Amino acid sequence: MNRAVSRLSLIAKVEGLPIALVLVVLYGVFMLTAPSVFLGYRIYMSFFQTVPPLLVLGIGLTFVITAGEIDLSFPAVVALSGFVFTWWFKNFQTPLIGFVLALASGGLVGYVNGLLVARLRVPSIMATLAAQFFWYGVTVLIAGGLQIDIAAIVPTTIHAIFVGRLFGVFPVQALWSLGLVVFFWFILNRHKFGEAIMFIGDNAEVARVMGINVETTRIQLFTLNGVIAAFAGLLLTMEINVFFPTQGTAFLLSVMAAVFIGGTSIAGGQGVMVGTLFGSYIIGSLEAGVVASGIGGYWVQLVEGLVMAAVVVLNVVIGEEGVSVLARAARKWTLPSGGDRSAEAADARQE
């Protein structure tokens, strides 16, 4: 028992490893139940094509939740940025400028959210929920509720750079999303901005006493999330070569699920960027795997819920607190009755 607890302690120290193991096991099950699909490469190329927007959104939300905040407006940013890019390209045929303007639109939404939260002290859940309705309404209004085709974007250089196919097979957006995970992992874990976010998420007042400008950091945080969400919207729009006004609605719960099962604490103060990576691929491939396995359509959501719950429980068990509980239980059962309880006393003192 003690050896098992020690192994769990080692696993818990490797960021994202428990979720990576879940993903491997999940794909292993799918290979056994749907070999004709999951033993070929095409399904994985499909995942590398469809999961990156979800993953990119998860990166931004990981930062926000680590700071002890929430942002519900990113689906509207996905739609707004897609419209800005599409409208500009259709009218001026200069996709690079449209790309920059789309990112700026996301930054504007995030900046306004940050002002509401940091300056006016509006709870982030209310500020961003209002922003979600408002910016979706703006997008639907100016788009006239219509989708816009941009098939002409396919031959352009910007399309090849962001959503092209490497060697004619591998979706480039998968590399962009992975690169962003690596970059923002360093920002979160090795940069003073990430350190400030963690301190704010743990205790904003303590962070203020330590000299962190909490209001400015929060504004920067929401602005950053807006830009990241806009980039996800651009990847989605250029991949499907069409804009439609509700293109971000399906991401809200999926992105939250990916972040939380990845191990980021809902209470703030702890963000797991690598966990968000693997959590996104679990969420992004779960439905396709369940359907390919032959399970009836009515069972899909039930199975998805069970898998998500199992991953969350595994995160708790393998996390530091879970390992401590298992360690105390192991000592309780292995120590003889009336024997030396110094180990338990040491645990109590540490707590």
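Predicted model: local features only at pLDDT ≥ 70, side-chain atom pairs only at ≥ 80, totals over all residues.
Two residues are in contact here when they have heavy atoms within 4.5 Å of each other.

Leaving aside residues up to four places away in sequence, F63 touches F184, I187, L188, F193, I197, L221 and M273. F63 is also among the residues with the most contacts inside the largest nonpolar core, together with L61 and Y281. That core has 85 residues, and helix α4 (residues 42-66) gives the most to it, with 14 residues. There is a second, separate core of six residues, including A204, A207, I212 and V214.

Now for the charged side chains. The count of salt bridges comes to five, and R121, E205, R208 and E215 are linked in a network of them. Here are the pairs in that network:

| Salt bridge | Closest N to O distance |
|---|---|
| E205 and R208 | 2.9 Å |
| E215 and R208 | 2.8 Å |

Take R121 and E215 to begin with. R121 sits in the loop between α6 (95-118) and α7 (124-143), while E215 belongs to helix α12 (residues 214-240), so their pairing ties together parts that are 94 residues apart in sequence. The E205 and R208 pair is a local one: both lie in helix α11 (residues 204-209), three residues apart, or about one turn of the helix.

How exposed or buried are these partners? R121 counts as exposed, because its relative accessibility is 52% and the cut-off is over 50%. E215, at 14%, counts as buried. R208 is partly exposed, at 28% relative accessibility.

Definitions and conventions
Residues numbered from 1 in each chain as written. Heavy atoms only, no water. Core = buried A, V, L, I, M, F, W, Y, C linked by side-chain atoms within 4.5 Å. Buried < 20%, exposed > 50% of the residue type's maximum accessible area, 1.4 Å probe, protein only. Helix = DSSP H or I, 4+ residues; strand = E, 2+ residues; numbered from the N terminus. Salt bridge = Lys/Arg side-chain N within 4 Å of Asp/Glu carboxyl O.
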